[in-house]
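Trainee: Before I use these terms, I would like to go through how each one is decided.
Mentor: Then let us take them in turn.

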Amino acid sequence: MTSSPMGVGPLVEMRNISIHFGGIKAVDDVSIDLYPGEVVALLGHNGAGKSTLVKVLSGAYRANSGQILIDGRTVEIGSPRDAKALGIETIYQTLALAENIDAPGNLFLGRELTTPWGTLDDAAMEHAARQAILELNPNFTRIKEPVKNLSGGQRQSVAIARALHFKARILIMDEPTAALGPHETRQVADLITRLKAKGIGIFLISHDIHDVFSLADRISVMKNGKLVGTVRTQDVTQDDVLGMIILGKRPKIAA
Amino acid sequence: MPEPLVAVGAPAVAARRRLRFAFLLNLTLLGLLGLMWAGLSLGTDSFATFGNFTNLLRQGSIWAIMAVGQTFVIITAGIDLSAGAVVGVAGTVVALLMKSGVPVPLAILATLGFGVAVGWVHAFGIVRMGLPPFIMTLASLTALRGIGLLMTNGQTIAGLPAEFSALARDSSFGIPNLFLAVIAVAVPCHLLLHHSRWGRHLYAVGSNREAARLSGIRVTRVLYLAYILSATLSALAGILTTARIGIGVATTGDGWELQAIASSVIGGASLFGAVGSVPGPLLGAMLLTTINNGANLLNINPFWQRIVTGGLIVAIVYLDQLRRPKR
């Protein structure tokens, strides 16, 4: 196991996680961890099991076996609600937005603000959403539009704003730049750097090493549902990591 | 924050455009309704009479109540084909209960409870057993028709208490009770749909069920509520119909599910889910009732009404598809 990079305990530990769908082992006895203010990239081919693994942490799936610890304490994450209650926010590859609902509606979906009478407080939600989204994307103007009418980058802004608004401690980003152009991709990279500085732990999932190599503190590589290994980015070259992804071989330098 | 003016001005325009669409649709329907009423008043001697008009409102009210319930299900991208059959069985149940000496309010409550149970079974089949809504409620339509006929042996149940019939026939404050029932249903339903978390979640589930689940919405609970509401409102329609015609007939409401679905869709609900309102189905129901009523007065073979309704559904759903953005 990697020693603590900052002299504190890990924020997240996923121990010996296995998930199977029918007879297929999507994730096979994988252990990974994450420290505060750290970016851990999860790399692997499509279908390597990386999305499935983190979906256990975000409450979308349940593991068949294994253990999850947050701040060193074992937790049960049975649903996305449980995960959110623990400060785990996820930006899904599919963005997980309700197409016919506007940006504030999506931002607060499942956590709507209400007035003292119990009715929806649309004004307050719109105000908060406007601030949260404009902070990320000053060009975002169509806040009352159903998100289906928005561009990929704008939809991404909504998804990210949703994760950040609720003060995530642990952020899972699944292919966060898949739908984005080069400019927006750079914005996301800037954002990750800023969030890191705030002490948020980030799991960054990608199938493309170039997206994450400069951002990640550590890289965990998965292949065929198994963990090939976890390396510190500063100890390896991109070729070393490519070897892990393609051949499933750990570089000699890896601890 | 850069360019706050742009941020404030533009979304208001977008919101207005969206509002305008729903508003225009409702206005078109209202105009169409006015046009038909004017035409029928001029074209027939009997349309613009007090008797016919209250009759129109009463029948329209019953369909409107069903259509509002149907709309909740349609917003989840589901469908409730059993609505007409629930009307028949609920009418039978309430009549049988009263005949066996159960006091009227209790009989009504029990029948509404029966509606809740039917809706629960629908949701159970759809959520827990994974049956498509179409299949689950079609099966339930068939079964409920059978249950209604079994309970009555195909006989009508006459001799209901006068106070029960008065519910549907009388007026309060000069307004027919049935019309008041529509308001009593529509206002809370509107609040529920547009001003409660549950309403928001309903749209989210209809829009993208997986996204709703990942956002922490209890999708199962939302679906249960939608189907229970639809069946309960159909049961209410059954109770009101029985009160209106004064007898319990198990075959009442034959084909009314299509009237309810058509009303909802004509009123702007999308069968693809996540679009729909409360005023829409009210207007849609009134429109369909007028078509039926007018056809009767014009001595058009009633079988044509079914053909017209069918054609109308195809036309409206086709238009609905056109307005959906192509991806």
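**Helix packing in chain B**

Mentor: In chain B, helix H2 (residues 50–75) packs against helix H12 (residues 279–297) at an angle of about 140°, with the axes 8 Å apart. Axes are lines fitted to C-alpha atoms, for helices over the stretch in contact, and angles run from 0 to 180 degrees between N-to-C directions. This is a predicted model, in which local features need pLDDT of at least 70, side-chain atom pairs count only at pLDDT 80 or more, and totals for chains, interfaces and linings use all residues. Residues are numbered from 1 along each chain as its sequence is written, chains are lettered from A and ligands numbered from 1 in the order in which they are written, and side-chain values use heavy atoms, with hydrogens and water left out.

Trainee: Why is H2(B) called oblique to H12(B)?
Mentor: Angles under 35 degrees count as roughly parallel, over 145 as roughly antiparallel, 65 to 115 as roughly perpendicular and the rest as oblique. The angle is about 140°, and that makes H2(B) oblique to H12(B).

Trainee: Which residues of H2(B) meet H12(B)?
Mentor: Among them are B:Trp63 and B:Ala64, and the H12(B) side includes B:Leu282 and B:Met286. Contact means heavy atoms within 4.5 Å.

Trainee: What makes chain B as compact as a globular protein of that length?
Mentor: Its radius of gyration (taken over C-alpha atoms) is set against the globule rule, 2.2 Å times the number of residues to the power 0.38. The value for chain B is 20 Å, close to the 20 Å that the rule gives for 327 residues, so the chain is as compact as such a protein.

Trainee: How many of the residues in chain B are buried?
Mentor: Buried residues, those under 20% relative accessible area (1.4 Å probe, protein chains only), make up 51% of the 327.

Trainee: What share of the contacts in chain B with a separation of 6 or more joins residues 24 or more positions apart?
Mentor: Such residues account for 80% of those contacts.

Notes:
Helix = DSSP H or I, 4+ residues; strand = E, 2+ residues; numbered from the N terminus. Buried < 20%, exposed > 50% of the residue type's maximum accessible area, 1.4 Å probe, protein only.
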